[in-house]
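Thank you all for coming.

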Amino acid sequence: MRIFFMVMMTAAAVAVMPMLASPASADSLHFDDITTELEAAIPANYGGFSWGTDWYVYSDTGYASFGNSYGSPSGEYAAFNGFGVLTVTMGSGSDFTFNGAYFTGWAENDTAVSFTATSITVNGYNNGAFVGSASMALSTTGYDWLDAGLEGVDELRFVSSGSGQWWLMDNFTFNEPLVNVIPT
């Protein structure tokens, strides 16, 4: 009887583990449900976040017309810093974890030009206090993942490498548990 009980408890634990590993609040924004036009402003309250007025989406079709051979990682649209503003801001009324997103510098013919952002820095804040940041150099031949890992933030500020320089972002991922590896 004791062995049967231990086998049943082990089976129950194995059945419950996948449910514990994937919280219902984890999500990713792909920006594909905003418009069917070439370009549009991101609505102020998109995806449960407050987006500043300089956030826009651009279609892969339009991006290809610049001679680029790649598009956004998912769907047809990616977000970008409208008007090439140096800093764009977004936030939430409650704390969240910003896991990361895919970024690329805006290119022509898969090459950097004068208006291409060469890097992106994402600064995280909580109630106005700096929490941390994540940065990366931007490619012009595809999107690369920025692993931000910013926990307990309520505001993000995306800072371009310079004013008048554009970048694109897709798969804005948030509220996935951060994995901590414990050394043995």
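Let me begin with a question: which residues does Phe 103 touch, if we do not count residues up to four places away in sequence? Before I answer, please keep in mind that what we are looking at is a predicted model. The residues that Phe 103 touches are Ile 120, Val 122, Met 136, Leu 138, Gly 142, Tyr 143, Asp 144, Leu 146, Phe 158, Trp 167, Leu 168 and Met 169.

Let me step back to the whole chain. It has 2 helices and 10 strands, and, reading from the N terminus, the elements run α-β-β-β-β-α-β-β-β-β-β-β. Of its 184 residues, 42% count as buried, while the accessible surface comes to about 9600 Å², with 58% of that belonging to carbon and sulfur atoms. If we take the contacts with a separation of 6 or more, residues 24 or more positions apart account for 74% of them.

A word on confidence: the average pLDDT of the chain is 88, and 83% of the residues score at least 70. Over residues 1-24, however, pLDDT stays under 50, and for this stretch the model has 3 contacts beyond four places in sequence. Where pLDDT is low, the predicted coordinates should not be read in detail, and I will therefore leave that stretch aside.

Turning to the strands, β7 and β8 pair in the antiparallel sense over 8 bridges, with Thr 121 standing opposite Ser 135 in β8. The hairpin of these two strands has 2 residues between them, and in this hairpin Asn 127 takes a positive phi near 50°.

Phe 31, in the loop between β1 (27-29) and β2 (39-41), has a positive phi near 65°, and Phe 31 counts as buried because its relative accessibility is 1%. Asn 175, in the segment after β10, has a positive phi of about 60°, but at 24% relative accessibility Asn 175 counts as partly exposed.

Asn 175 also turns up among the contacts of Thr 97, a residue of strand β6. Is Thr 97 buried or exposed? With a relative accessibility of 12%, Thr 97 counts as buried, because the cut-off for that class is under 20%. Leaving out residues up to four places away in sequence, Thr 97 touches Leu 150, Glu 151, Gly 152, Thr 173, Phe 174, Asn 175, Glu 176 and Leu 178.

Asp 147 counts as exposed, at 58% relative accessibility, and beyond its neighbours within four places in sequence Asp 147 is in contact with Asn 99 and Ala 134. Between Asp 147 and Tyr 102 there are 8.9 Å in space, C-alpha to C-alpha, although the two are 45 residues apart in sequence. The side chain of Glu 155, for its part, makes a polar contact of 3.0 Å with the side chain of Arg 157, and the residues that Glu 155 touches, again not counting those up to four places away, are Thr 89, Met 90, Gly 91, Phe 96, Asn 123, Gly 124 and Tyr 125.

I will finish with Phe 83, which lies in the loop between β5 and β6. Phe 83 counts as exposed, at 57% relative accessibility, and yet Phe 83 touches Asp 54, Tyr 56 and Trp 166, not counting residues up to four places away in sequence. Phe 83 and Gln 165 are 82 residues apart in sequence, with 8.5 Å between them in space, C-alpha to C-alpha.

Definitions and conventions
Residues are numbered from 1 along each chain as its sequence is written. This is a predicted model: local features need pLDDT of at least 70, side-chain atom pairs count only at pLDDT 80 or more; totals for chains, interfaces and linings use all residues. Side-chain values use heavy atoms; hydrogens and water are left out. Contact means heavy atoms within 4.5 Å. Buried means under 20% relative accessible area, exposed over 50%, partly exposed in between (1.4 Å probe, protein chains only). Helices (H or I, at least four residues) and strands (E, at least two) are DSSP runs, numbered from the N terminus. Accessible areas come from the Shrake-Rupley method with a 1.4 Å probe; for residues, only the protein chains shown count as cover. A polar contact is a pair of N or O atoms within 3.5 Å; within protein, one must be able to donate a hydrogen and the other to accept it, and residues adjacent in sequence count only if both atoms are side-chain atoms. pLDDT is the predictor's confidence in each residue, from 0 to 100. Two strands pair if DSSP finds at least two bridges between them.
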